[in-house]
Amino acid sequence: MTLTERIASLLVWVIAAFTVIFLLTPLVVTVAVSFGSSAVFTLPAPAFSLRWYEAMGRSRDLWGAVATSLQLAALSTLIALVLGTLAAIGLLRGRFPGRESVVTFLVSPLMLPALVLGIAMLEGFRAAGLRAVWPSLLVAHVVITLPYVVRTVYGALSLFDFTLIDAARTLGLSYPKAIAKVLVPGLAPAFVTSGMFAFLASMDNYPISIFFTNAWTKTLPIQMLQYVEESPDPMIAAISTLLILLAMLVLVAGDRLVGLRRMADL
């Protein structure tokens, strides 16, 4: 290895290390503050304490918001998986004018500013007569989670050999059974990956959910914003720490499921 290559390699490692530290520092600070005894955001903390996690347990409004967010995330992810898979199959197998435009339209919620999308959906729901909070939140979350499923499953389907389904049918399986036994297992990694990102996107969504919540039905990000406005104490850091843990658990579980599926294929 020449001197120039060594310098270039060292520079790459330095930039990578700086990037990792830059991205992880806010998370580390948040976790550290959540275990402090101070009533304000202080680092280093005066003493180790679990007082803010205990405060979370006593907060009724918080757990109601957590339940709402979990229900919305689970249901919207399930609906997005079904609709997104059907849309991906139709777009890949269908032959009709404007197909690429439809693909772009389905992933457009990822391209538009979230506040613009929220205002547009609010006006659209009002024009359609949809004013109930829970259905509005569910439809809005399906809209923002659908692109993750469509794009991931569409990419996986482009590598799938559909003649396998025909082969399964010649062996005596009906079309629905052939789909269930051949297509679904083959797309399992795509389902896990897209579902994982869709679930986290729904749990973490704030700029769209704010247009559809009210005083009785709030998602967790909206409830956290209210805490910041009313009583900005380290309990917010404790909530954020648990959300970081949730994201890590979802990512690890998704990785394990994909790994188990690949081992089963081998």
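This is a predicted model: local features need pLDDT of at least 70, side-chain atom pairs count only at pLDDT 80 or more; totals for chains, interfaces and linings use all residues.
H3 and H10 are roughly antiparallel to each other, because their angle of about 155° is over the 145° cut-off.

**H3 with H10**

- Helix H3 covers residues 60-93 and helix H10 covers residues 220-230; their axes lie 8 Å apart.
- On the H3 side, the contact is made by Asp61, Leu62, Ala65, Val66 and Ser69.
- H10 meets them with Leu220, Pro221, Gln223 and Tyr227.
- Sorted by class, this contact of H3 with H10 holds 6 nonpolar, 2 polar and 1 charged residues.

**H7 with H8**

- Helix H7 (residues 163-170) packs against helix H8 (residues 175-186) at an angle of about 125°, and 9 Å separates their axes.
- That angle makes H7 oblique to H8.
- The crossing of H7 past H8 is right-handed.
- H7 brings Leu164, Ile165, Ala168 and Arg169 to the contact, while H8 brings Tyr175, Ala178, Ile179, Val182 and Leu183.
- If you tally the residues of the contact of H7 with H8 by class, you find 8 nonpolar, no polar and 1 charged.

**H8 with H9**

- H8 also packs with helix H9 (residues 188-203): their axes come within 4 Å and cross at roughly 55°.
- H8 and H9 are therefore oblique to each other.
- From H8, the residues making this contact are Val184, Pro185 and Gly186.
- From H9, they are Ala188, Pro189 and Phe191.

**The cavity**

- How many cavities of 30 Å³ or more are there? The count comes to 1.
- The largest cavity has a volume of about 30 Å³.
- The lining of the largest cavity is made up of 5 nonpolar, 3 polar and no charged residues.

Key:
Residues are numbered from 1 along each chain as its sequence is written. Side-chain values use heavy atoms; hydrogens and water are left out. Axes are lines fitted to C-alpha atoms, for helices over the stretch in contact, and angles run from 0 to 180 degrees between N-to-C directions. Helices (H or I, at least four residues) and strands (E, at least two) are DSSP runs, numbered from the N terminus. Angles under 35 degrees count as roughly parallel, over 145 as roughly antiparallel, 65 to 115 as roughly perpendicular and the rest as oblique. A crossing is left-handed if the near helix is turned anticlockwise from the far one by less than a right angle, and right-handed if clockwise. Contact means heavy atoms within 4.5 Å. Ala, Val, Leu, Ile, Met, Phe, Trp, Tyr, Cys and Pro count as nonpolar, Asp, Glu, Lys and Arg as charged, and the others, Gly among them, as polar. On a 1 Å grid over the protein atoms alone, a cavity is a set of points where a 1.4 Å probe fits but cannot get out, and a pocket is an open set with protein on both sides within 12 Å along at least five of seven lines; lining residues have an atom within 4 Å of a point. Grid points are joined across faces, edges and corners, and a volume is the space filled by probe spheres set on the points.
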